[in-house]
Each structure stands twice: as structure tokens, then as C-alpha cells.
Amino acid sequence: MKMGRQSIAIAICDQQCHSKGRLDYRNLSERLLKSSLFKEVVILEKACRDRNGKLDGLKGKKVLFGGCPFLEESGLYEKTFQDLCLKKADFFTVDIKTEIFDLYEGKENIEENLYRKLVASGNILARREPFEEDIIKPDQKALVYGSGFSGLKAALRLAAESIPVDIVETHGASLSPGYLSMILAEPGMITGLLEAARKAETITLLPQKALKEVTPGEGGFIFRKAGGEKQEYGTIIFAPEREERPAGEIGALNLTQLYARIGSQEALKTGAWKGETVFILDHKTETGPEIFSDAIKAAEYLRKMHCAEVKILLRNARVSIPGLQELYDDCRQAGIIFIKYEDSLYIKNSGSGFAITGVDLQTSGQFIIKDTAGLIIPGKTILSPQAREFARSLNLRIYNDDYSQSDSLWRLPNESNRPGIFVAGAAKGNMDKRAVEEDAESLVFSLRQRLSPAGLRVEEYIPQVDKDKCALCMTCMRVCPFGAMVKDALYRVAKALKSTCRACGTCAAECPAKAIRIRNLEYESLISGMRALA
Amino acid sequence: MVKSLLQKQCLSHERQKALESKTVCVVGAGISGLTVANSLANEGIRVFVIDKNPFPGGRSVQYGCKATDSCLQCGVCLVRDAVANFKKSSLIDASFSSTPRALHRRENDGYDIEVETIPNPIDWRSCTECGECREVCPKNAVKSIPGWKYYISEHCDRCGKCLVVCPVGAINLERKRQYETFPALSVVISSGFKPFDPAVNLKWGYGANPRVITGSDLESLFCREKFLPSDPELKDLKKIAFILCVGSRNIVEGERHCSRVCCAYSLRMANRIKEEYPDTEIDIYYMDIQYFGKSFSSFWAELKRKINFIRSHPISISIDEQERPLVRYESMSDLRCREEAYDLVVLANGICPPDNGEELAEIFGLDLEAGGFLSAATNAASNNGSGRDSGIFLTGACRRPMGIAECVESAYGAAAGVLRYLGDKV
Ligand SMILES: Cc1cc2nc3c(=O)[nH]c(=O)nc-3n(C[C@H](O)[C@H](O)[C@H](O)COP(=O)(O)OP(=O)(O)OC[C@H]3O[C@@H](n4cnc5c(N)ncnc54)[C@H](O)[C@@H]3O)c2cc1C
Ligand code: SF4
Ligand code: SF4
Ligand code: SF4
Ligand code: SF4
Ligand code: SF4
């Protein structure tokens with residue numbers, strides 16, 4: 001059975017449920033609708049008494065009811081269903097008092113949480129049923145989302161495996177710092193790749209908005225093109241570039257803006273760059289080695305090309321990329337001043353420039369930098385709203401800090417929470433050029449392992465839930481990174497969906513009742529070694 | 001026509017058969033080598049693994065889990081799993097205690113690899129892991145690796161006690177050097193790295209003072225689920241120092257590069273020790289802390305509360321009256337030299353290029369990078385090794401410093417390269 005988005009109705013009782021007044025239902029339904037996870041959301045207030053009006057409009061539609069369990073017990077729903085000639089199977093219960101309220105308190109992703117809960121409870125089907133491994137059709141076209149360095153590399157690599165590829169072009173509107181630093185380092189490199197992609201017979205470049213609405217397919221992903229015709233893809237590679245947030249200080253530039261200025265040489269010569277330039281790293285967030293590398297490359301460029309005096313304020317030199325220690329040493333020798341500061345900095349914009357005060361770690365003395373015209377603070381990198389939207393439409397999970405893989409060790413380097421969708425490049429974590437190249441290689445293998453039935457012998461590791469111990473707290477469902485744990489309502493026990501479970505072991509380790517076993521491994525041994533079962 | 005191997009479903013039966021008769025040789029059975037071997041075997045390809053150790057798993061199988069109440073993503077369990085899978089696979093054969101000596105190109109296709117073996121007294125194929133030999137050995141020479149069988153180390157004095165007890169007759173103390181030649185269509189080099197040995201520089205006092213150990217030593221304690229040396233002579237270890245960047249980021253005393261893993265393992269181990277023994281006092285001497293993992297910021301912030309971070313690279317380690325190591329360092333706050341005595345000092349030794357790099361480079365026609373790591377610049381077609389033309393691939397820490405998770409990723413890349421190479425052949 002396939003199903004698109006479904007209508008849900010949430011029945012709220014105003015008597016037993018004490019949440020009234022604290023829950024803004026209209027807002028809730030709006031949010032649920034806006035999330036585009038549901039087709040229609042109807043809130044039935046006072047459902048236990050007032051059953052006319054709205055209900056009529058629902059007649060003949062597939063409606064799922066949610067409501068508080070007290071109502072269910074009082075038999076009032078039964079009556080409503082009879083009135084509407086709905087089958088019992090079409091309604092489910094959400095414990096308004098706890099769950100919705102919790103969801104609402106949780107603020108962040110209430111839509112998705114509710115959606116997940118509904119899916120997990122078996123009451124509505126996920127928008128797309130999970131794909132079985134063997135349904136992924138490698139000879140079918142692949143869709144690469146993102147035409148940055150990693151997207152292009154991935155596409156070319158797949159094309160080399162004679163897989164036809166469509167690329168959704170994403171940059172243009174916003175150039176990511178990684179992309180720009182590569183242009184700076186090797187002019188023409190990206191253009192070269194783009195050229196290669198354009199020339200390749202099996203690669204097609206699509207403009208950003210060319211694809212519309214996803215519908216579930218028979219083991220593929222079906223999109224509607226702008227012209228209206230349908231296009232089915234066997235796999236999707238999610239490789240969006242990351243955008244940089246603004247610098248966080250008024251008047252300061254982030255790396256992207258700096259590169260843009262470097263690009264249009266004029267802006268540099270005139271205006272700001274007469275005095276010295278100061279880069280501030282590790283300000284508010286920790287700077288990773290990739291950004292560190294981008295920053296010192298830019299600093300070196302400014303020093304050389306514009307004879308600007310450059311200072312870099314930082315807490316830690318992140319030199320763990322090959323070659324970076326050398327670059328760092330060279331920059332220091334060439335006269336870029338690195339100052340390691342303690343704690344935090346005080347930055348003031350005095351109109352004529354910035355004044356920065358801080359404590360120098362080397363000397364423990366205070367330092368003051370006055371009248372700096374150019375202040376550069378790299379911002380955090382995030383996914384663009386379009387990329388987010390795309391991910392959401394595919395049920396692709398986005399974890400902390402906007403990455404498509406969580407911090408735990410993934411069984412395959414490029415897998416995502418959804419079989420058939422792979423992540424590449426900066427969607428996994430910030431990467432330098434070398435890492436992106438390697439990533440494109442491992443992507444091919446991730447794909448292949450996923451295809452080969454022998455590749456993942458997950459069955460052996462599917463968690464088994466002890467019915468007697470399970471308290472149905474559904475902790476496992478909450479912690480499972482793949483959303484594989486569901487409530488088996490019939491037997492009143494949690495269970496893992498075979499097709500979705502990747503046997504990561506998280507559920508077993510988190511279960512408060514210690515009800516979950518993976519193969520013959522007990523909780524203790526899980527902790528000491530099986531958390532990231534391979 | 002080049003047909004993609006990715007399209008497994010499209011493979012004709014004959015091609016599949018043809019593939020299965022091919023053998024790929026993997027040199028070095030560390031995490032990278034094992035990952036390549038396991039994933040190729042999953043594809044139905046025969047793999048032959050050569051390792052100079054008497055056991056699989058390389059360096060990292062001798063490390064331990066660093067999880068406290070939550071996993072810290074150190075990746076060590078991945079190695080255990082890789083060894084377990086390796087043990088199970090019927091398509092993988094191995095020769096331990098072996099090193100490649102020469103490579104001959106065959107006329108039609110592929111290579112013959114000449115391998116020198118000095119077999120371990122215990123034949124790993126027959127050993128049933130009963131452990132009898134270990135019980136009787138007066139020299140404590142019988143060793144084992146988590147998840148693997150027993151082997152006899154160099155401490156053995158050939159008394160023959162174990163010979164008698166072994167129920168399956170797996171032990172043969174006559175070790176004869178053997179030379180064998182194996183055919184292979186493609187070769188993957190994953191010969192790993194060498195941990196920096198601080199004994200080369202007297203200033204660390206490593207080797208002279210039992211209270212100065214390296215990160216590698218501590219890892220092997222962790223491997224046995226001990227978190228500190230339990231030598232009674234050392235007594236209570238109440239004050240511990242970790243010194244980072246030992247042998248890295250210093251061209252005079254070691255390597256110029258940053259080893260990439262030592263910050264991560266030191267911080268994780270320090271965290272584990274603190275968890276286990278809350279009243280130990282831990283100082284970490286560092287130059288810069290490298291960023292690792294996406295949860296780095298929160299992990300570090302948390303750790304800074306429990307552990308004292310001192311920004312300085314110590315000048316030397318001497319001994320005080322109670323024979324405790326005395327760390328001499330320049331204090332950043334007043335630029336004076338200070339001395340601090342510890343019960344234990346851990347030197348976070350980094351990743352150095354392998355000793356045998358030159359030899360391997362010569363045998364397999366590879367290049368050495370400036371730092372001494374292997375590369376395949378001259379005939380590189382794919383970044384994971386020389387790739388398409390020669391069928392010789394490189395992966396893992398022999399290419400540059402990398403951690404376990406990265407090794408796995410790199411190994412998948414190499415495996416993809418091998419598959420493509422083989423696909424072009426059949
Ligand atoms: C002290 C220390 C602690 C570390 N802790 C961690 C950690 O907690 N987490 C983490 O992710 N990483 C850690 N690392 C890094 C980790 O050790 C490496 O990433 C990993 O071991 C590299 O695996 P590899 O397979 O490439 O090489 P290795 O593990 O070195 O394996 C190479 C294998 O090749 C064999 N070999 C070499 N030459 C030949 C030859 N000529 N012929 C035959 N066989 C040969 C060797 O015997 C060895 O078995 C640590 C490193 C150090 C030094
Ligand atoms: S976490 Fe444990 S007790 Fe809770 S639902 Fe899951 S299996 Fe049951
Ligand atoms: S070995 Fe490392 S990765 Fe595995 S569970 Fe322990 S801490 Fe986590
Ligand atoms: S006695 Fe024999 S079988 Fe038992 S562990 Fe030793 S070598 Fe293996
Ligand atoms: S021969 Fe003796 S010393 Fe050697 S391993 Fe056997 S029992 Fe130990
Ligand atoms: S990883 Fe940390 S300890 Fe290791 S060399 Fe780099 S900075 Fe030093």
C-alpha cells in the first residue's frame with residue numbers, strides 16, 4: 001500500500017485534559033500543516049461533546065483521529081465513528097496530556113516528532129515506505145543534489161561507473177566559503193569540473209528549481225520536472241554546499257564576503273584595506289581545521305597581494321590537515337602575526353575601525369588592537385534553506401550543526417538515515433579538498449555495499465526486545481538514529497523494523513529496562529564495545 | 001567496453017564467475033587492510049592478506065575502548081569487528097608473520113608476489129583458542145589479541161612445555177624461513193605507520209623511568225581494560241600528566257606534521273581515567289588542541305572542567321628524590337621555568353611514517369612523500385593509489401596520519417578502486 005500525505009484530525013477534549021489554555025491548538029495545527037508532513041490537520045475541540053460541523057466535512061476522506069485516551073475509554077469516540085461510518089482501525093490515540101504537550105514543550109521539531117510518533121505507532125504510514133536494499137536500482141539514474149566540489153566529484157565518479165546522473169545546481173546564489181577558497185587556491189578548478197560535467201554525456205545539469213514534489217516510487221524516487229514530465233531516480237546523493245553565517249559583529253566580514261571582495265579586486269584596493277586586517281578565529285565557536293586553513297590562506301593572500309598587515313587572533317591552531325602545519329609555519333615566517341588569546345575578546349566598532357581587546361596567552365598581558373579597518377570573523381557553516389527543504393521533503397534527517405550524519409560511527413561512510421540516499425562532502429562534515437576526493441571514492445563503495453545483499457548482514461544484529469521487560473517507554477524509539485524502533489501495539493512491546501534498522505546498538509544501550517538484546521550481547525558488553533556494531 | 005561493477009545486477013553469470021577466480025593481495029592487515037579484505041570478500045572476490053605480525057588487526061587492535069557512560073567514537077570496536085568478520089570469511093586467506101619481498105609482473109595479467117615468512121610457532125589455522133599453552137608457559141610468552149587466536153612472542157625460550165599440552169598439535173617450535181609466491185591481480189598496500197618512539201630522545205626519560213609511558217603503552221593497558229599501570233611498585237597514581245605532540249609538530253625532534261589522532265586519544269583516555277579514578281589529578285600539556293568529531297566543542301568544554309590544561313610543550317623530564325618524573329616547562333603566565341612532579345607521565349606519541357616505506361616503495365613502484373609517507377604520485381590515476389594502470393592501491397595510515405574511522409573510509413575508496421580495476425579486466 002502506498003500513501004501520500006495524510007489528513008489527520010486531533011480531537012481535544014476540554015474536560016479531562018488539563019492542558020487547555022496552555023496549548024495553542026491553532027498554532028499547533030498551523031505548524032503541522034506548514035511542515036508539509038500532513039495533508040490536512042483538523043483540530044476538533046470539545047470533541048467529546050460537540051461532534052457536528054467539522055466532522056461532516058471529513059466524511060468519505062481517510063481521516064485519522066487522535067485524541068486523549070480518556071475519551072477513548074469513555075466510549076465517546078466509538079459513537080463519533082459510528083456517526084461517520086469510520087472503521088475503528090482508522091483512529092488512534094495520542095495522549096494529549098503528555099505527548100502533545102511534551103512535543104509542544106520540546107519546541108524545536110514538534111511537527112517532525114509528532115509525525116515520527118504517528119509513523120512509529122503504526123497509525124500512519126511514512127510518506128515513503130522504507131526501501132528494501134535490493135530495490136535500489138543502480139542502473140537507474142542517480143540524482144546528485146549540489147554542484148559544489150563534492151557534488152561534482154561525486155557525479156563524475158558515478159558517471160565513471162557508467163551510472164547516468166542528474167545534478168541539481170545549487171550554487172550561484174550563494175557561494176560557500178569552501179568553494180571560494182578552492183577557487184582562490186586553484187583558479188579554474190571548479191569551472192574545470194563543471195566543464196567536465198557539462199561535457200559528459202551521461203550527466204545533466206538541472207537548475208535549482210527544476211524538480212518538484214517527490215512521490216514514492218517503486219523502489220526509486222520520483223520527481224516532477226518543471227515541464228511536468230516525471231523523472232525517476234534510483235539513488236540520491238545529497239551533496240549540498242554549506243553557507244557561511246554572517247560574521248556576528250557589525251561591520252565585520254565573514255570569509256565568504258572576504259572572498260567576494262578578493263574576487264572583485266577593486267573593492268580591496270579602495271576602501272577598507274589600507275590599514276591592517278585582523279582575523280578572529282575560535283570566536284564564540286571552535287574553528288575546525290578546514291576553516292582555519294581557509295582563513296590562513298586568505299590571510300596570506302591579503303598579505304602578499306595587498307601588502308596588508310595581517311594579524312590572526314586564535315585560541316588553537318587547528319593544523320591536523322596534511323600540509324597545514326607547514327603552511328602555518330610559513331605564514332608565521334612570512335610575517336603574519338598570530339596571537340593566541342585567552343578566554344574571550346572584547347570588540348568595539350568605533351566608526352573609524354575596530355578596537356579589539358583581549359588577553360595574550362603568551363605574555364598574559366592585555367593587548368589592544370586599534371583602528372583596524374578590516375575585521376574578518378569566519379561564521380558557522382550551515383545548510384542553505386533550499387537544501388534543508390530538499391532534505392526534509394525526502395525525510396532525510398539533519399543532525400546537530402546541520403550535518404546529515406550524526407557524530408556516531410556510521411557503518412558505511414556515506415550512508416544516511418534513509419536507504420537509497422547517500423550523503424557526500426560537506427553535508428557529512430567540513431572537508432578539505434583531499435577529503436572530498438576520497439569521499440567521492442568511498443561513496444561508490446557505500447553505494448555498492450548497500451546494493452549487495454551480502455554487504456550488510458544486519459539480520460544477525462537486529463535488536464530483540466524482551467516483552468516481559470519492555471516498559472513501552474519508547475526510549476528506544478527516541479534515540480534510534482534511523483527511526484527503526486516502533487511500537488508493536490498489538491503485543492505491547494517495542495520492535496525494530498528490519499528494513500530500517502542498521503543495528504547500531506544505540507537502543508540497547510539506552511533502554512532503561514535493559515530489555516533489548518542484540519544477538520547474544522548483553523548491555524554491559526554492548527557498552528564496552530558494541531555501540532557501533534559493524 | 002568498460003562496464004561498471006557497480007551494476008552488479010547486470011553482471012553476467014560468467015563475469016561474476018570470472019571475478020570470483022581473481023585474487024587480490026592485501027599487504028598489511030591493520031584496520032584499513034582488513035576493511036578492504038572484508039569488503040572485497042563480500043563482493044565474492046578472493047583476498048589474500050599478508051601481515052608481518054602473527055595476528056590481524058595491526059596497531060589499533062591493541063587499543064582499548066574509551067567509552068565512559070557513553071561512547072566517545074574512538075573507533076576501536078570497529079577494529080574488533082573487522083577482525084571478527086575476517087575470521088568468519090571463507091574467501092579470505094592469510095599469511096601471517098610474512099613480508100613481501102618482490103613483485104613480478106606476469107605476462108598476461110597481474111602479479112606474482114614473493115613472500116617471506118617466518119612462521120609463528122602456533123599455526124593459526126589449527127589453534128582452537130583453548131589457552132592451554134598460555135597456562136603452562138613459564139616465560140609468559142604466549143600472547144593473544146582480542147578476538148583472535150594465540151601466538152608466541154619473542155620471549156619464548158623453546159622449553160617445549162606448550163608443545164605437549166596443545167590438544168590439536170598446533171605448535172611447532174621449529175621456525176623455518178619460507179619463501180612462497182602468490183598470484184594476485186591487484187595489490188592493496190595498507191602497511192600502516194610507526195608510532196613515534198620517544199626513547200630516541202633522552203629528554204623524555206622514556207625507557208629509563210617506569211613512570212614515563214607512551215600513549216601506545218596506555219592504549220595496550222586500556223585494551224586489557226586496565227586504565228593505569230598496576231605495577232605495585234608504582235603505588236597510587238594520584239597525579240598524572242599527559243604531554244601532547246610528542247614527536248609531532250617539531251621538525252627537530254620528530255615529524256613536522258600534526259599526527260591528527262593524539263589529541264583525540266589522549267583526551268578520551270584522560271576522560272576515562274578521570275571517570276574510573278575520580279580523585280586523580282590530571283594535567284594535560286598541549287600546544288594546540290585539534291578539533292575532532294562533531295561533538296568536539298561540548299566534549300572539550302566538559303573536559304576542561306575536570307582536567308587541567310596547561311599550554312606549554314615541556315622542555316624535559318627529569319627525576320625527583322622519590323624517583324617521580326619531574327616535568328620542566330616554561331609557564332606561559334610568567335614565562336618562567338617551572339617544575340612539576342607527577343606519579344605518571346603519558347607521552348602522546350604521534351604517527352610517524354613507516355620504517356619500511358622505502359622498501360615497499362621500491363618493491364611496488366611507489367613514491368615516498370616528503371614526510372616519508374607512501375604515495376603514488378607518478379602513476380596516480382585515482383587518489384587512493386596508483387589505481388587504474390597498475391592495479392596497485394594504497395590506503396590507510398601509510399599514506400598520511402589518520403584515525404580509524406578515516407582509515408575505514410579510505411579503505412572503502414580503495415576497495416571501490418580495486419573493483420573498478422578488476423571490472424575493467426573481465
Ligand atoms: C598511541 C596511539 C593511539 C591511537 N588511538 C586511536 C584511537 O583511539 N582512535 C583512532 O581512531 N585512531 C587511533 N590511533 C590511530 C590508529 O592507530 C590508526 O589510525 C590505525 O591503526 C591505522 O590503521 P592501518 O591499518 O592503516 O595501519 P596499522 O594499524 O599500522 O596496520 C598496518 C599493518 O600492516 C602490517 N605491515 C606493515 N608493513 C608490512 C609489510 N612490509 N609486510 C607485511 N605487513 C606489513 C603491520 O604489521 C600492521 O599489521 C592511534 C594511534 C596511536 C599511535
Ligand atoms: S527503551 Fe526498552 S523499555 Fe523502553 S520501549 Fe524500548 S525496549 Fe521497551
Ligand atoms: S571502542 Fe570507542 S567507538 Fe567503540 S564503543 Fe568504545 S568508545 Fe565507542
Ligand atoms: S594449546 Fe593449541 S589450540 Fe590451545 S590455544 Fe594453544 S595453540 Fe591454540
Ligand atoms: S616453548 Fe616454552 S617458553 Fe616458548 S611459548 Fe612454549 S611454553 Fe612458553
Ligand atoms: S593531534 Fe594533537 S597531540 Fe597530536 S600532533 Fe596534532 S596537535 Fe599534537
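In the predicted model, Glu406(B) and Arg260(B) form a salt bridge, with 2.9 Å between the closest N and O atoms; a salt bridge requires a side-chain nitrogen of Lys or Arg within 4 Å of a carboxyl oxygen of Asp or Glu. Two salt bridges are found across the interface of domain 1 of chain B and domain 2 of chain B. Domain 1 covers 2-119 + 176-193 + 354-425 and domain 2 covers 195-352, bounds that come from an automatic or database domain assignment. Local features need pLDDT of at least 70 and side-chain atom pairs pLDDT 80 or more, while totals for chains, interfaces and linings use all residues. Side-chain values rest on heavy atoms, without hydrogens and water, and residues are numbered from 1 along each chain.

The centres of the two domains, taken over C-alpha atoms, are 33 Å apart. Contact (heavy atoms within 4.5 Å) involves 22 residues of domain 1 and 21 residues of domain 2. The two domains bury about 1,700 Å² between them, 62% of it on carbon and sulfur atoms; this is the accessible area (1.4 Å probe) lost on being put together, summed over both parts. In domain 1, Lys66(B), Phe193(B) and Pro401(B) lose the most area to domain 2, together 31% of what that side buries.

Ser98(B) lies in strand β4 (residues 98-105) of chain B, strands being DSSP runs of E with at least two residues, numbered from the N terminus. Ser98(B) is buried, at a relative accessible area of 1%, where buried means under 20% (1.4 Å probe, protein chains only).

How values were computed. Chains lettered and ligands numbered in written order. Helix = DSSP H or I, 4+ residues; strand = E, 2+ residues; numbered from the N terminus. Buried < 20%, exposed > 50% of the residue type's maximum accessible area, 1.4 Å probe, protein only.
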